[in-house]
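Dear colleague,

I am passing on the structure below, followed by notes on what was found in it. Please read them with the model open.

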2 protein chains.
Amino acid sequence: MTDTAVAHIATPEDLLAALGHRYAVKKFDPAGKVPDDVWKALEEALVLSPSSFGLQPWKFFVVDDRAVRAKLRPASWDQSQITDADKLVVFAVRKCFGPADVEHFLDRIAEVRRVDKETLASFKQMMLHSVSQPPEQVEAWLTRQVYIALGVFLAASAALGVDACPMEGFDKNEFDRILGLSPKGWKAVVIATAGVRSAEDAYANAEKVRFPLNEVVQHL
Amino acid sequence: MTDTAVAHIATPEDLLAALGHRYAVKKFDPAGKVPDDVWKALEEALVLSPSSFGLQPWKFFVVDDRAVRAKLRPASWDQSQITDADKLVVFAVRKCFGPADVEHFLDRIAEVRRVDKETLASFKQMMLHSVSQPPEQVEAWLTRQVYIALGVFLAASAALGVDACPMEGFDKNEFDRILGLSPKGWKAVVIATAGVRSAEDAYANAEKVRFPLNEVVQHL
């Protein structure tokens with residue numbers, strides 16, 4: 001929320017070192033902690049993530065309760081990250097996103113930018129058009145926005161030296177049930193665990209597998 | 001691809017300054033250029049993006065040809081970023097992703113990690129199961145992975161001081177046609193323009209609109 005110039009905060013070499021060091025942690029050090037100020041910044045990074053129209057159709061549930069984490073593990077193919085990582089974030093999308101959510105967003109714009117809501121009429125129409133598509137299409141579109149936040153979170157974690165693991169291998173319905181997300185109007189779409197990689201995680205030193213740049217990036 | 005420790009490359013304050021400075025650029029400086037080494041790093045960041053199983057079901061088309069950019073603009077609601085930004089990246093997903101793509105990935109793992117493909121049999125079965133779902137579901141799942149790369153790209157751009165704008169408001173079929181993506185087996189899903197913000201872009205100094213942290217992040 002600064003309006004002063006920020007030239008850059010990392011060199012190309014440093015950025016690539018951090019992204020190269022990053023990997024999907026298979027085994028966390030159960031004693032490893034993310035410092036409070038660093039975690040706070042990652043939560044703020046989630047808040048600052050871009051989304052279509054800036055709608056922010058998401059909520060990020062940070063599961064601190066260890067007993068709840070233990071219940072979630074069987075719903076995640078018993079993957080150890082669920083209980084061993086310092087942090088577990090459940091990325092959720094708004095269910096049945098509709099005109100009321102658009103109004104809520106417009107209210108926030110008017111509040112933050114101190115503008116009259118009436119001046120946002122054409123913007124409102126664009127958004128209402130988008131959310132009037134078939135519900136499954138709207139949900140798929142908004143779910144993709146949540147994945148932008150996941151990408152930002154993983155890159156931000158790498159920059160701050162926090163190890164993480166994005167995870168899709170979990171029972172979404174069970175997560176919704178255990179965390180009570182449905183009655184609140186939310187639906188789990190993807191999760192990320194974060195903390196400190198274990199010295200015993202063999203994958204930490206495995207060569208990263210990527211297709212060559214000239215196969216993945218093509219200039220036209 | 002380093003196996004040495006990278007503690008962190010940014011402080012929490014710097015990271016938040018960069019993400020706060022970032023915004024969806026409406027007007028680029030047509031004369032503004034991204035330095036070559038910085039752009040190369042952003043291409044590498046795309047390559048390093050995480051994806052489910054590490055499948056990398058994507059390709060990133062960087063449209064350098066100005067005449068082609070001019071043709072794409074009418075297919076993008078005539079938005080000026082398409083022609084004025086230094087860079088335009090079309091994020092594409094693999095069409096009809098199937099067993100052959102899984103094999104291609106397994107070949108790459110075997111090559112990079114110098115392991116026998118036979119040792120990857122159970123991993124292969126998991127991936128084959130995932131890609132055997134109904135085609136629309138597979139495509140929706142893989143498209144979400146592309147959005148992770150978009151999030152990484154936007155965060156990496158912010159870290160390197162490159163201004164950007166993610167864009168969904170374009171005619172995907174027209175993009176596929178103009179760029180000839182379909183016969184190559186790709187489908188445009190989202191685009192990002194990147195370069196230098198114009199001093200005339202009023203949005204550059206507009207307050208960023210986000211819901212409060214305690215509304216977006218909930219501890220359980």
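From its N terminus onward, chain A runs α-α-β-α-α-β-α-α-α-β-α-β-α-β, which amounts to nine helices and five strands, where helices (H or I, at least four residues) and strands (E, at least two) are DSSP runs numbered from the N terminus. The model is predicted, so that local features need pLDDT of at least 70 and side-chain atom pairs count only at pLDDT 80 or more, whereas totals for chains, interfaces and linings use all residues. Residues are numbered from 1 along each chain as its sequence is written, and chains are lettered from A and ligands numbered from 1 in the order in which they are written.

The axes of helix 2 (residues 36–47) and helix 7 (residues 135–159) of chain A come within 9 Å and cross at roughly 150°, the axes being lines fitted to C-alpha atoms over the stretch in contact, with angles from 0 to 180 degrees between N-to-C directions. Helix 2 of chain A is therefore roughly antiparallel to helix 7 of chain A (an angle over 145 degrees). A:Leu42, A:Ala45 and A:Leu46 of helix 2 meet A:Ala149, A:Val152, A:Phe153, A:Ala156 and A:Ser157 of helix 7, contact meaning C-beta atoms, placed from the backbone, within 7 Å.

As for the two copies, a rotation of 180° with 0.0 Å of shift along its axis superposes chain A on chain B, with an RMSD of 0.0 Å, by least squares on the C-alpha atoms of residues with pLDDT of at least 70 in both. This is the relation of a two-fold axis, and in chain A the C-alpha nearest that axis belongs to A:Gly151, 2.1 Å from it.

Terms used:
Angles under 35 degrees count as roughly parallel, over 145 as roughly antiparallel, 65 to 115 as roughly perpendicular and the rest as oblique. Two residues are in contact if their C-beta atoms, placed from the backbone, lie within 7 Å.
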